[in-house]
Amino acid sequence: MTPKKEDYLKIIFELGGKQRKVSNKQISLSLNVAAGSVTEMVTKLVSEGLVVHTPYAGISLTADGIEVAENLIRRHRLWETFLVDKLNYKLQDVHDDAEVLEHATSDNLVKHLDDFLGHPKNCPHGGMIPSIDGDYAEESYDLLADAEIGSTKVVDRFVDNHELLTYLDEIKLNIGDKFTVVEHVPFEGPIKVKLVDTGKEVSISYNAAHYIFVN
């Protein structure tokens, strides 16, 4: 399987494709690729039995696709954890090197890396890390974009996208931050939230709010 196909399976999984339908647009924005490229790749993945595409509804992973994605996610997120925790990478800079390492990692190396890190349950951007037995806690798929005004939420995880993570670093929004939703500005304007600990109000762009998962 090519690295590009693997990237698609990972992002479909990350966006919730194990449990629900993911749109072409979500994949396109997350991977920074043209919509036509997404359509072409999804067609290939359907033919290989890794995803199901329902017209006007979206894309989801098959059982085989889930198995492949879980294995890839485990390798990738363990390397992200190593690079951030042990080599002091900034979160937004870790993806590309983790990608290279992931594709060159044997099962034996993955096991030793997991042991060395103490079997972490989550990567630095909040995503779960499957255990060697394939066990993991289900991730939140509730989007900040859908959070109701007046509700109190906690940042659970971010989609692993360089531009998104750079933006979130700039506005100082972190995993575990608790906030109250103050306003959804009309016409795809920002979502305004108030951090519980500091009382600071933060404006989060409409697009970014679709790639921030909350509890």
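Me: I have read that helices (H or I, at least four residues) and strands (E, at least two) are DSSP runs, numbered from the N terminus. With those names in hand, where is Phe187 placed?

Reply: Phe187 has its place in the loop between E5 and E6. Before we go on, please note that this is a predicted model, where local features need pLDDT of at least 70, side-chain atom pairs count only at pLDDT 80 or more, and totals for chains, interfaces and linings use all residues. Residues are numbered from 1 along each chain as its sequence is written, and side-chain values use heavy atoms, with hydrogens and water left out.

Me: Is Phe187 buried or exposed, and how do you know?

Reply: Buried means under 20% relative accessible area, exposed over 50%, and partly exposed in between (1.4 Å probe, protein chains only). Phe187 has a relative accessible area of 83%, so Phe187 is exposed. Glu188 is placed in the loop between E5 and E6, and its value of 58% makes it exposed as well. Phi is near 60° for Phe187, a positive value in a residue other than glycine. For Glu188, too, phi is positive and near 60°.

Me: Why is the pair of Phe82 and Phe116 called tilted?

Reply: The ring centres of Phe82 and Phe116 are 6.2 Å apart and the planes stand at 55°, so the pair is tilted. This pair joins distant parts of the chain, with Phe82 in helix H4 (residues 63–87) and Phe116 in helix H6 (residues 107–117), 34 residues apart. At a relative accessible area of 19%, Phe82 is buried, whereas Phe116 is exposed at 53%.

Me: What kind of aromatic pair do Tyr141 and Phe213 form?

Reply: Theirs is edge-to-face, with 6.3 Å centre to centre and 85° between the planes. Tyr141 lies in the loop between H6 and strand E3 (142–143) and Phe213 in strand E8 (residues 212–214), 72 residues apart. Both Tyr141 and Phe213 are buried. Elsewhere, ring pairs bring Trp79, Phe82 and Phe116 into a cluster.

Me: What makes Ile66 count as buried?

Reply: Its relative accessible area is 15%, so Ile66 is buried. Ile66 belongs to helix H4. Using contact in the sense of heavy atoms within 4.5 Å, and not counting residues up to four places away in sequence, Ile66 touches Phe13, Lys18 and Leu61.

Me: What do the buried residues of H2 pack against?

Reply: They pack against helix H1 (3–14), helix H3 (35–47) and strand E2 (58–61). The buried residues in helix H2 (residues 24–31) include Gln26, Ile27, Ser28 and Ser30. After H2 comes Asn32, whose phi is positive, near 55°.

Me: Which residues touch the most other members of the largest nonpolar core?

Reply: A nonpolar core is a set of buried Ala, Val, Leu, Ile, Met, Phe, Trp, Tyr and Cys residues joined through side-chain atoms within 4.5 Å. Among the 47 residues of the largest core, Ile27, Leu144, Leu173, Ile204 and Ile212 touch the most other members. H1 gives the largest share of this core, five residues. A second, separate core has twelve residues, including Val94, Leu113, Cys123 and Ile129.

Me: In what order do the strands of the open sheet stand?

Reply: The six strands follow the order E3-E8-E4-E5-E6-E7, with antiparallel pairing.

Me: Why are E3 and E7 said to stand at the edges?

Reply: E3 and strand E7 (201–204) each have a single partner strand, so one side of each is left without a neighbour in the sheet.

Me: How do you know that E6 and E7 pair?

Reply: Two strands pair if DSSP finds at least two bridges between them. Four bridges join strand E6 (residues 191–195) to E7, so these antiparallel strands pair. In E7, Glu201 is the bridge partner of Lys194. E4 and E8 pair over three bridges, also in the antiparallel sense, and Phe158 has Ile212 in E8 as its bridge partner.

Key. Rings of Phe, Tyr and Trp (its six-membered ring) pair if their centres lie within 6.5 Å; planes under 30 degrees apart count as stacked, over 60 as edge-to-face and the rest as tilted.
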